[in-house]
Amino acid sequence: MVALTINGQSHDVDVDPTTPLLWVIREQVGLTGTKYGCGVAQCGACTVHVDGQAVRSCSMPVSDAAGKKITTIEGLAVGGKLTKVQEAWVAADVPQCGYCQCGMIMAVSALLAEKPKPTDKDIDETITNICRCGTFQQVREAIHAAANA
Amino acid sequence: MNFVPKMNRRSFLVGSAAVAGGGLALGIDLPSASAQGATPELGVWVVVKPDDSVVVRIVRAEMGQGTITGLAQLVAEELDADWSKVSYEHPTPGESVRRKRAWGSYSTGGSRGIRESHEYVRQGGAAARMMLVQAAANEWKVPVGEVTASAGVLTHKASNRTLTYGKVAEAASKLPVPEKPALKDPKDWKIAGKPMKRFRAVDKVTGKQVYGADFKLPGMLNATIKESPVFGGKVKSFDAAKVAGMKGVKKVLQVGDTGVAVVADTWWQAKVALDALPIVWDEGPNAKVSSASIAEILKEGLNAEQAFVGNQAGDAKAAIASAAKKIEAVYSYPYQNHAPMEPMNATARYTPERCEVWVPTQDGEASFAAVLAASGLPADKCEVHMLDLGGGFGRRGAFQDYVHQAVRIAKEMPGTPIKLLWSREEDMAQGRYHPVMMAKMVGAFDKDNNLTGLHIRLSGQSILASVRPQVLEQEKGRDPLTFQGLFQTGEHSFSYTIPNLLIDHAMRNPHVPPGFWRGVNINQNAIFMECFMDELAQAAGQDELEFRRKLLGNHPRNLAALNAVAEKIGWGKPAPAGIHRGLAHMKAFNAYVAGAAEVSVTGGKLKVHRIVAATDPTFAVNPAQIDRQVAGSFVYGLSALYYQECTIKDGRVVELNFDTYDSMRIAQMPKVESIIMPSGGSGPWGGIGEPTICVAAPAVMNAYFKATGKRIRSFPLKNHDIAMA
């Protein structure tokens, strides 16, 4: 049994402790907003917050997340109210297929928590998620819009 | 010409299977109402509910390209709907079979989603509006000509009465559907042509959107699969006992001759077990093939006697033989994989009475045909439910291998829903790859530096030889699609007028399975043609823009697009210090596109600062989504230019994840400025999703040459130790 706190709720999950956090979130907890893209921490589609830090959950054993505060994309909008990042994403009509966007939003939310007014250089160095549709122009626009909201 | 025959294999399969299976032959009753039961349809495209909400029923797929939003805008425009009340749903392929393909083709590739359905969807919207207007006139007992419709409201001005669409929808649905209603002049568009936002953005930013990989059914088990890593190989043996006792594992099974799958409670358990499963492959005759051995075969084709002709004028060989000056270059283009963010997947539930599949697909009918073939059940016992895609780019249309696999696995466990999800590694190993191609380019000048002849010899792989061999039969062995952007006529026609021209193709088909990869053959053909045009201009000592302009006199729309980007990038004016410019253009998918790039090269690092792109698609249904498709296509295209090659070693693909098959990040993203210049008229509409992709790479490479004096002729750039800043 591994004890997890995800989006403020406790979950005791009966899994092999080496199971990646991503798959426990998706399969045992049943939250599918966190996506599988590569499994090797390259694409960032699986990004969640662990104790406030953006983490690629495909490459973190679930045992390492035990007892820590985990937030997934489903935990951002409290009571259905979108965060300013999500609002900016909708306003700029960022998502194309959208598959990578939950991970992108989690990475950006962590960045803005640390640097409320990031420069383009901050963005380039921090946001390394892959988007195959190519939404980067709108992603950058939306990050600045959220920072200034 | 149209490269995709009307009666292709897919529609034949669907049609014949439907008849053979008894669907149409048994005369299944056509439902008088739509799939949601009591809510009536107004024609097949529009459902208006009593609460005034409008559901557009539409069969093309949504994979991020915005097609569904655009098509709904076209329907809503003619319907005079209230856009804020419009949503969409997909009629299932099963319903389409029962209703004689009432919604037309499901195929969402070849940039045809809007350009090949705009007329009939607009007619659908217009017919529904006429039915609503008639119903209101009947209700009010006034002449139909006195009723007007606007933003979901019907008005009889003389009596100052109004009704919303929802109030008369029921009565309207009982009226005959007008045939061939008149369409609005696009000048009068209020919804179409406007920058409407995509549907479902909120679901996408909150994690609510259900992709195929997320789909769940009660009692569902999870599967993952490995096919022979050597294309053409087979399963020799596997030791199921080694993993059968692992936690969660429910079944280890062979799938066809070529694959082995594990079914488990969770996907992660299935993956761990499959990774641990000893499998012995019969690797077959291709186990020694390498990228080098494939390159040798293509090189031979560059000088082969025989080749299929795609475009010809005058006598190019004679012009070259008698040239005062001759320029020659050989280019080559590698295998590349689609690598959409969501790996291939499908969920299947099979019983001897019914087989249903839920799948992110670019072509619901192709998926349906795969379900029929894999299940062995007739059409009236099969169904496909289309889910939105986590990227497609051509991988999820013509190819339905994952649907076949999911159904075959489900068939071994009747009644249990099975979700098959590939690992990223399987997705990379089992692609339908952008084909390899080389080109030998030879240009001839007279003594006054006029271009008198051009010979382009393509040597490489045909997609259609593998995917639609019947087209080659009609074409006496030729694959016309190979000549995209270079062909004599049609939607991908060549834009230059050169007195002596020969463009031919020595077909060389290695064992690696090829596929339609966003843009298809324009990716390499634009690089070959437009980089070599710069080489020719430079050999003639002429400005690259002026050199092209002289040859574009007969192709004013190409010229207009090229002029537009040249003007906006500031061609001919001094560039900022360290910045160098390049340009390129093409006609593809009936759109006229051009691009101009600004780059710098510092310490071996290439930085693309800015790309100006122009497109003339005849009509622009949603300029905001066109903007995004243009900029997005450059991410896909420049990622390929910079990083992407599927190397073949021992008959299989070497690069199995994004660590070795990289993709551009936000740091590398240039500023993209798009110019949308629809020229209107009654001609065919152009595509959006693919055409512009091809102009980024040659524009950037032409600018790179200006910066460095080095001409790169093989790709990706990482092979030349060029880093991307």
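In chain B, three strands form an open, antiparallel sheet in the order 5-6-7; strands are DSSP runs of type E of at least two residues, and helices are runs of type H or I of at least four, numbered from the N terminus. Two strands are taken as paired if DSSP finds at least two bridges between them. The model is predicted, and local features need pLDDT of at least 70, side-chain atom pairs count only at pLDDT 80 or more, and totals for chains, interfaces and linings use all residues. Residues are numbered from 1 along each chain as its sequence is written, while chains are lettered from A and ligands numbered from 1 in the order in which they are written.

Strand 5 (147-150) and strand 7 (161-164) of chain B are the edge strands, each pairing on one side only. Neighbouring strands of this sheet are turned by 25° against each other on average, direction ignored. Strand 6 (residues 153-156) of chain B is joined to the antiparallel strand 7 of chain B by four bridges, and His156(B) has Arg161(B) as its bridge partner in strand 7 of chain B.

Helix 4 (residues 118-140) of chain B packs on the sheet and touches strand 5, strand 6 and strand 7 of chain B, where contact requires C-beta atoms, placed from the backbone, within 7 Å. The direction of helix 4 of chain B makes about 135° with that of strand 5 of chain B; axes are lines fitted to C-alpha atoms, for helices over the stretch in contact, and angles run from 0 to 180 degrees between N-to-C directions. Helix 5 (residues 165-173) of chain B lies across strand 6 and strand 7 of chain B, at about 75° to strand 7 of chain B.

Methods. Contact = placed C-beta atoms within 7 Å.
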